[in-house]
Amino acid sequence: MSRVREHWGSKIGVVLAAAGNAVGLGNLLRFPSKVALYGGGAFIIPYLISLTLLGLPLMWVEWVAGRYGGKKGHGSTVGILGLITKNNFGRLLGIFGVAAPLLIVFYYIYIESWTLGYALHSIVGNMPKPLPTSDTDEALRPFVEFLKNYTAPSLEAYIFFWITLLLNWYVLHRGIRRGIELVAKVGMPLLLIMGVMLAVVIFSSKGPSPEWSAIKGLEYIWKPDFSKIFDGRVWVEAAGQIFFTLSLGMGALATYASYVKEKEDVALMGLATASTNEFVEIVLGSAIAIPAAFLFFGPASIPELASAGTFRLGFVSMPAVLNSIPLGFFWSFVWFMLLFIAAFTSSIALTQPMITFLEDEVNIPHSKAVAISMLIVIVGAHLSIFIPGYIDELDFWAGSFILLLFGIIEIIFFIWLFGPSNFTNELNEGSILKIPKWVAYLTGTVSLAFLVIILVVWIFQNLPSLISQQGLGVWLARTSILFLLLALGYLTVISAKEKE
């Protein structure tokens with residue numbers, strides 16, 4: 001007797017869960033940095049074009065792929081791509097959509113645990129205070145040292161890692177409806193409320209200089225520099241941001257979509273997922289971190305803070321700002337809980353493809369599939385915590401290269417091998433919206449070209465320097481990737497033979 005697959009309990013539940021998969025640290029920290037660095041308001045032009053020509057079409061590809069596979073009992077990209085080729089070629093290519101998200105969880109879950117630890121430090125009033133100086137670097141020095149000491153790793157960071165891991169395990173063990181969907185229904189509205197609260201607090205606060213304000217900070221990052229429109233890198237950065245912010249090419253969205261009902265409106269759900277993500281990114285993302293930094297440290301600090309990356313903006317400048325205003329301990333707590341929810345909904349989504357693969361393809365019961373997946377995460381996370389260089393190398397291959405490559409594979413399979421007519425018919429099945437056939441052709445040409453360009457530019461920019469890197473962490477990361485791919489490949493072939 002075949003196993004009965006779960007389904008989402010409600011339309012709003014699946015949309016919030018899919019949005020939770022997409023919404024992460026990048027929405028609140030990476031996006032405003034990109035806007036500040038790459039043309040301000042002018043950045044939004046290539047950004048919205050990329051959303052239209054790359055983001056939404058590939059979003060629909062993953063929703064169609066997931067629902068199509070789910071109807072036939074397959075929720076991982078291994079089984080889904082195998083349905084297209086009806087042989088091991090598709091199944092083996094599909095392992096990238098299982099391996100990449102799990103490899104990302106190896107380091108993402110540790111960073112996620114920092115936000116929970118920082119939230120506790122904030123609420124008990126244990127965060128440092130910025131030094132009273134006009135020098136931004138000097139003012140932020142206590143927070144830089146705090147982050148360095150906390151992530152050394154410290155004993156408490158390790159404890160919070162285990163708390164975070166067990167929370168992920170518990171939710172995933174409860175399954176789709178009673179676990180992931182329930183978290184999304186509570187977490188996503190809470191995330192939106194906290195984001196709006198922080199924006200209101202920041203825009204109503206006064207900084208050390210009457211010439212600096214959050215409104216001017218918002219104007220600063222959105223002031224258009226139209227000369228940047230002719231810079232090819234701006235277009236690549238905008239397209240890359242769309243791809244990563246919507247969590248495309250990871251296999252997680254297709255897995256979530258496999259649990260919808262057979263006649264569910266995936267065209268509308270894809271739009272709703274993208275819209276929710278874009279609201280968090282464009283409205284809340286641009287209204288919190290950069291305006292807060294401008295308010296307290298002035299315009300001269302923004303280029304340095306924006307280029308310094310996610311950690312400096314999220315774990316250094318933001319707590320410095322929030323701990324300088326009335327009830328700062330509480331607002332700092334809200335900020336880090338906001339980040340925790342964003343990261344938590346993403347990490348459970350990134351682990352689910354492996355669980356689904358073990359259930360659907362290897363026929364392992366749910367509780368054992370969760371246990372096996374989490375034990376793998378535990379091993380990988382410990383390497384991320386204790387081996388220098390492991391995270392950077394893993395992020396290079398799993399967090400960028402494989403995702404772009406797999407996005408290309410998904411388009412080729414579900415537009416050209418599945419067929420533009422079949423794709424359009426599948427997309428429109430049960431849909432209020434009727435998507436024209438030319439959208440399939442646009443996806444198979446323009447969207448595909450976009451992804452190829454991003455991948456080629458990314459390779460030329462990053463590959464030479466990273467390939468030459470050596471060290472224990474580098475080789476352990478490469479070994480981890482190879483081992484996981486080989487193990488998944490072996491299980492894929494063996495399970496396919498058993499089903500014949």
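## Two helices that cross

A crossing of two helices is called left-handed if the near helix is turned anticlockwise from the far one by less than a right angle, and right-handed if it is turned clockwise. In this structure, which is a predicted model, the crossing of helix 11 and helix 21 is left-handed. The residues that make this contact are R233, V236, A239, G240 and F243 on the side of helix 11, and F450, L451, I454, V457 and Q461 on the side of helix 21. Sorted by class, the contact between helix 11 and helix 21 consists of 7 nonpolar, 2 polar and 1 charged residues.

Two packed helices are described by the angle between their axes and by the distance between those axes. Helix 11, which covers residues 232-245, packs against helix 21, which covers residues 438-467, at an angle of about 110 degrees, and their axes are 10 Å apart. Because angles from 65 to 115 degrees count as roughly perpendicular, helix 11 is described as roughly perpendicular to helix 21.

By class, the contact of helix 10 with helix 13 is made up of 5 nonpolar residues and 1 polar residue, with no charged residues.

## The largest nonpolar core

The largest nonpolar core of the model has 179 residues, and the residues with the most contacts inside this core are W8, W63, I180, W335, F414 and F423. The largest share of the core, 19 residues, is supplied by helix 17, which spans residues 328-360.

W8 gives a detailed view of one part of this core. When its neighbours within four places in sequence are left aside, W8 is in contact with V14, A17, I176, R177, I180, E181, Y256, Y259, V260 and K261. One of these partners, I180, is itself listed, together with W8, among the residues with the most contacts inside the core.

## Buried threonines

Not counting residues up to four places away in sequence, T443 touches P57, V61, I411, I415 and L448.

T255 is found in helix 12, which runs over residues 252-257, and this threonine is buried, with a relative accessible area of 0%. If residues up to four places away in sequence are not counted, T255 touches G75, S76, Q352, P353 and T356.

## Partly exposed leucines

L463 is placed in helix 21 and is partly exposed, with a relative accessible area of 24%. Leaving aside neighbours within four places in sequence, L463 is in contact with F396, W397 and W458. L463 and F396 are 67 residues apart in sequence, while their C-alpha atoms are 8.8 Å apart in space.

L120 has its place in helix 6, residues 96-123, and is likewise partly exposed, with a relative accessible area of 43%. The C-alpha atoms of L120 and M269, two residues that are 149 residues apart along the chain, are separated by 36 Å.

## Backbone details in the loops

Most residues other than glycine have a negative phi, and most peptide bonds are trans. Against this background, the peptide bond from A152 to P153 is cis, with omega near 10 degrees, and P153 lies in the loop between helix 8 (141-150) and helix 9 (155-204).

L327 has a positive phi, near 55 degrees, although it is a residue other than glycine. L327 is placed in the loop between helix 16 (310-322) and helix 17, and it is exposed, with a relative accessible area of 54%. N363, which is not a glycine either, has a positive phi of about 60 degrees. N363 lies in the loop between helix 17 and helix 18 (366-386), and at 60% relative accessibility N363 counts as exposed.

Note on methods:
Residues numbered from 1 in each chain as written. Predicted model: local features only at pLDDT ≥ 70, side-chain atom pairs only at ≥ 80, totals over all residues. Heavy atoms only, no water. Core = buried A, V, L, I, M, F, W, Y, C linked by side-chain atoms within 4.5 Å. Buried < 20%, exposed > 50% of the residue type's maximum accessible area, 1.4 Å probe, protein only. Helix = DSSP H or I, 4+ residues; strand = E, 2+ residues; numbered from the N terminus. Contact = heavy atoms within 4.5 Å. Axes fitted to C-alpha atoms, helices over the stretch in contact; angles between N-to-C directions. Parallel < 35°, antiparallel > 145°, perpendicular 65-115°, else oblique. Nonpolar A, V, L, I, M, F, W, Y, C, P; charged D, E, K, R; others polar.
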